[in-house]
Amino acid sequence: MNQNEYKGILTDSVVSFVVRKGNPDDIQTWDDLLKPGVEVVTPNPFTSGGARWNVMAAYGAQIKQGKSKEEAVAYLNELFQHVVVQDASARDALQTFTGGKGDVLLSYENEAITAQQKGENVDYVIPDQTILIENPVAVTTDGPQSATDFVKFLYSDEAQKIFGEKGYRPVVKSVADQFDYETPSTLFTIQDFGGWGTVKDEFFDPENGIVAKIEVSLGVSTDSG
Amino acid sequence: MIGYLSFIVLIPLAAVIWKSTGSGLEGFWNAVTSPAALASLKLTFGASVVVALVNAVMGTLIAWVLVRDDFPGKGLVNSLIDLPFALPTIVAGLTLLALYGPRGPIGINIAYTRMAIVAALLFVTLPFVVRSVQPVVHELDREMEEAAASLGAGGFTIFRRVILPNLVPAILSGVALAFARAVGEFGAVILISGNIPFKTQVASVQIFSNIESDRPTAAAALSVVLLVFSFLTLLAIDLVRRWGSKHES
């Protein structure tokens, strides 16, 4: 699928802040997440892909605002001090948030839209700096022809429109223009940090990754019983 | 019989131990002494000890009341004691979250804290001490108590020196089971614990986490630690029980 013009990416989304209806805590920026008493919900970065997008969005937002690597890591450290629950997956985190816990949930924009379409009392904010979540599609090389045909269908205008209606940003430009998805002022991708191959080891290695070290240092400092 | 035991218990246990050696002895040691693993083991055992002790007292009390007292609805309460056995643990977790979580109806919100973990464990271990002690209370020879009273012993002395020694083996047996069950509990805890490493992540959930992040060797290593400790606990309690029954006059 890498060969097609979309590099195998089927839909896009962005990391967003999901908040209670009306945004009572007025959370608009990444710095707002660090306000005293703000409770953040994000899944566990070692079991959830969604959590990894969240972490890279937070990190990247700092870098794009001109912070150094050390300052960006320090931001992550402070952010994790506000995290009150770390569910296993992004969908679990959404359930926890809609169940009443936390002031803000870091999640895919499409999860927020899904929640709203299901009638949950949430709003979402797209921060000025955030990461483009690219959702790929793949077929196995020895799969049946119907699989390849299905993927071809997924790139058709009709399918892309359905994605758009369900909260995903279509990649086919003509369809994307039919929707009014907000474009953040600073949108970056995982490529800016070397792609997932590099990031996975640098940030999410369970022993030596940056995030693993943050969790250890938080644990040691808060391990008072 | 050996074949059945092997198939259901022994072979799977051996397989877990085998799997945990996948990265060699050093890998095993690293996996179980990593800061996160040690923290989760501390939390798991700590919470289980607390739960076992609470059960020792409350379980005995409940068993006593169920046998010796009479009150309307006693039959129903007696049946309810077994509810934690009948309920799927994930349902227990869901119920606790609905009752004592952020949208709970009674205004108590302890979800995602260590207290929530203890509450969940107390629920699932409720029947063990009660059911262990109940038959013993039932069989107690009242004449002993009456004799002690006629000799001038007060209520507390009768309890301490006549009744309690007879109950201790059953209490210990129930406590051991409650402890072992609490150490391994997963379903009731996973929804309500919050899963923050170093704060509210218990060993069983961390094992699951390891499997989900494609680290089966670390998961097996942690599992072996839990197995060994549970086994040692059961062994120790059994020895204490045998010592106790040898010294019975």
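With its C-beta neighbours inside 10 Å counted, is B:L43 buried or exposed? Select B:L43 and find out: there are 20 such neighbours, so the residue counts as buried (20 or more other C-beta atoms within 10 Å of its own means buried, 12 or fewer exposed, in between partly exposed, with C-beta atoms placed from the backbone).

Before moving on, some housekeeping. Residues are numbered from 1 along each chain as its sequence is written, while chains are lettered from A and ligands numbered from 1 in the order in which they are written. You're looking at a predicted model, where local features need pLDDT of at least 70, side-chain atom pairs count only at pLDDT 80 or more, and totals for chains, interfaces and linings use all residues.

**Stop 1: chain B as a whole**

The average is 89, and 98% of the residues score at least 70. For the complex, the predictor gives an ipTM of 0.73 and a pTM of 0.82.

Now switch to cartoon: chain B shows 12 helices and 0 strands (DSSP runs, H or I of at least four residues for helices and E of at least two for strands, numbered from the N terminus). Its C-alpha atoms fill a box of roughly 65 × 50 × 35 Å along the principal axes. Of the 249 residues in chain B, 36% are buried.

**Stop 2: back to B:L43**

B:L43 sits in helix α3 (residues 35-68) of chain B.

**Stop 3: B:F123 and its helix**

Next, pick B:F123, in helix α7 (residues 114-139) of chain B. This one counts as partly exposed, because it has 19 C-beta neighbours inside 10 Å. Leaving aside neighbours within four places in sequence, B:F123 is in contact with B:P84, B:A92, B:L96 and B:A188 (contact means C-beta atoms, placed from the backbone, within 7 Å).

Residues meeting here include B:F128 and B:V129 from α7(B), and B:A170 and B:I171 from α9(B). By class, the contact has 14 nonpolar, 5 polar and 1 charged residues (Ala, Val, Leu, Ile, Met, Phe, Trp, Tyr, Cys and Pro are nonpolar; Asp, Glu, Lys and Arg charged; the others, Gly among them, polar).

**Stop 4: a helix pair in chain A**

Jump to chain A and select α1 (residues 49-64) and α2 (residues 69-81), whose axes come within 9 Å and cross at roughly 135°. That makes α1(A) and α2(A) oblique to each other. Among the residues in the contact are A:V55 and A:Y59 of α1(A), and A:Y75 and A:L79 of α2(A). The contact divides into 8 nonpolar, 1 polar and 1 charged.

**Stop 5: where the chains meet**

Finally, show both chains: the contact takes 20 residues from chain A and 17 residues from chain B. On the chain A side, β3 (83-85) and α9 (210-222) each give two or more residues. The most come from α9(A), with 6 residues. By class, that side has 9 nonpolar, 7 polar and 4 charged residues.

Methods: pLDDT = per-residue confidence, 0-100. Contact = placed C-beta atoms within 7 Å. Axes fitted to C-alpha atoms, helices over the stretch in contact; angles between N-to-C directions. Parallel < 35°, antiparallel > 145°, perpendicular 65-115°, else oblique.
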